[in-house]
Amino acid sequence: MRILIADDDRKLCEIVKRGLEEHSHAVDCVYNGNDGECYGVSSVYDLIILDVMMPDKDGVEVCRNLRKLRIKTPIIMLTAKDAIEDRVLGLDSGADDYLVKPFAFAELLARVRALGRREDQTRTPELAAGKLILNTVTQEVRWDGQLIDLTSKEYAILEYLMRHPNAVVSRTMIEDKVWNFDLDSLSNLVDVYIRRIRQKIDAVEGKNIIQTVRGAGYRLRVL
Amino acid sequence: MKFCNSVRFRFTMYYLGILGILLVLLGFGIYYSLSGSLHKNLDEKLKARAKQIARYRDAVSIISGGTFEEEPGEHVAFFFYSGENLRFISHRGLPPPLDRNQVEQALRGRDSLKDETLRNSVKLRVYIMPYTPDNPYIRPARFYRPDPGEAYTEVRTAALMVARPVADIENTLAQLRNVLLILCPLIFIISGAGGLFLAERAFKPVDKITETTMQIQEKNLGKRIPVYSNDEFGKLASAINQMFERLEKAFNRQKQFTSDASHELRAPVAIIQAESTLALEKDRTGEEYRQSLENIAQESERMSGLLNQLLTLARADSGKEQIRFSPVLLEPFLQNLCSDIDILCREKDITLTTDLQNNITINGNEGSLRRLFHNLIDNAIRHTPEKGSIKVTLTTEGKTAVISVSDNGSGIPPSEIPMIFERFYRADKARTREDGGSGLGLAICKHITELHKGRIEAESTPGKGSIFRVKMPLS
């Protein structure tokens, strides 16, 4: 998933980013409310994590503005304020979830997963495409019961494809969801990763499952 | 509140007590003055009557002859000695009850007044005066039984008695007494009720004040007692309101401080928890663990620093701080401090210069002073860009030592200067925690300066730099 973090505590941002990246998410960090809003408006993100107390604009205001602009990206409020009124205010401003600092990393991960699942029709932590099964909690991928060892980026691309079965997904869309803004988009990284994933799944079947759509991108085929 | 304990009850009681005493005094006053004047009047009448009778020609024979016209209830009699026997002539023929002494006195030439009671318990006022009969030969008369063989008696001195009943006076007085006995308690009761009513009205504002005061709790400290008048109660209400104002401010400051403190403490805890739980998620390399632990160590250090500062301020607030003062020679002290801090300056390539006057001594606590100036210079370093300069000077102004720390850093907007000594106030919100300041340093500086009976001032030109001046009395 592509995630935006807006928090004025740079250190905390850096830790959360590191942790989320370990779990195959692509993360951008901004350190004030204005940047948070500007980045949030671009709809590439699957999830926004907003700190409430930020310079320039606080998280509640950013959240409200984004919702006013009809940005439907799920938002998790992250804050040191844990009074009930603060939580209500946060959720009423349009946030989907509310996490009080300090928090255990596993909890943040679980909430990120839960919000990611909400977009899905199935709403289960497991995604399936024929013999291919992907577990979002354990991040394990199995082909015909066989465990497949994927790197973090490979997993992220596969997950994205599996969340959009039978749809044509462009290279840019994959780049947007799997890499953050630091990626040089001229490279043909996506093609390289797709080739590796196919090989890891099955030398023959892989190509049938992840099809190349000439001039458009890729499609995960589910029969 | 028990009614008997209320001020309005006591108020009414005092008032009724005074009123009661006044009514009793008034009643007795009226009664006795009237009684006195009535009696005096009677006495005067008796004397005038006696003189009138004494002027009659041959008054004795008028009395004895039975032609005397008496006033109602009047007794008139003459007394004289016939030989050794005291005789009397009365128009009623009856001897009035008499004090013998009074008669003797009159016979010796002195008049007098006296009260007597008849056998039928009629009270009389009796006046007896000396009398010289114009005809000294008194013949035996109707009610005069002379000794046998006695034709008449020669009387040179006699006594004339006039007596009248006092019943009229007594009746008048009894009537007055009755009126007073009814009227006074009535006045007392009516006044009591009226007094209670007035007290109730007068103390109504007190009830209102009490009621509102009881309602004010920490949740609605903004509530105020309505002030309707400018009288004592109005003043009391506004005085209480002012007190609430101060309380509310102090309370809000405290609340703000607590919330700021918890926020400041939560930030490092959040990092420690996130970092540690992330590190524990799976097996990691030694390098990764080292990195995580370094992060955690840094944050715990920041937290312990913050806790120390909070503790300092808490101790300051409790007023239980015990610090010893001793003479501190400022020039070597500041020189020493600056050379310690110079290392921090060199990290940012900042030049630290000093201009210190010799032989200035103040009474102070060296540890606290060290912390004060360390905070100030540290603050200057944080707000001065690389290659900037900081200057520490020491001079005197009359009987105060003036230590100033000036920098050529970012400066502070003038509108924010009054707030910078407040706890957790940061002039530049955007920079927040990045510069490592906790927001408590200047508050601690202010506290230490005040402990030394001094003042701390800040002056700044945004973009050009700031000057902090500490003024402390010389020892």
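Trainee: What should I know before I start reading?

Mentor: This is a predicted model, in which local features need pLDDT of at least 70 and side-chain atom pairs count only at pLDDT 80 or more, while totals for chains, interfaces and linings use all residues. Residues are numbered from 1 along each chain as its sequence is written, chains are lettered from A and ligands numbered from 1 in the order in which they are written, and side-chain values use heavy atoms, with hydrogens and water left out.

Trainee: How many residues of helix 6 of chain A are buried?

Mentor: Buried means under 20% relative accessible area, exposed over 50%, and partly exposed in between, with a 1.4 Å probe and protein chains only. Helices are DSSP runs of H or I with at least four residues, strands are runs of E with at least two, and both are numbered from the N terminus. In helix 6 of chain A, 10 of the 12 residues are buried, including A:Tyr155 and A:Leu158.

Trainee: Which residue does A:Arg196 meet in a salt bridge?

Mentor: Side chains of opposite charge can pair when their charged atoms come close. A salt bridge is a side-chain nitrogen of Lys or Arg within 4 Å of a carboxyl oxygen of Asp or Glu. A:Arg196 meets A:Glu154 at 3.7 Å, N to O. This pair links distant parts of the chain, since A:Arg196 is in helix 8 and A:Glu154 in helix 6 of chain A, 42 residues apart. A:Glu154 is buried at 1% relative accessibility, whereas A:Arg196 is partly exposed at 39%.

Trainee: Where do A:Glu107 and A:Arg111 lie?

Mentor: Both lie in helix 5 of chain A, 4 residues apart, about one turn of the helix, and their closest N and O atoms are 2.7 Å apart.
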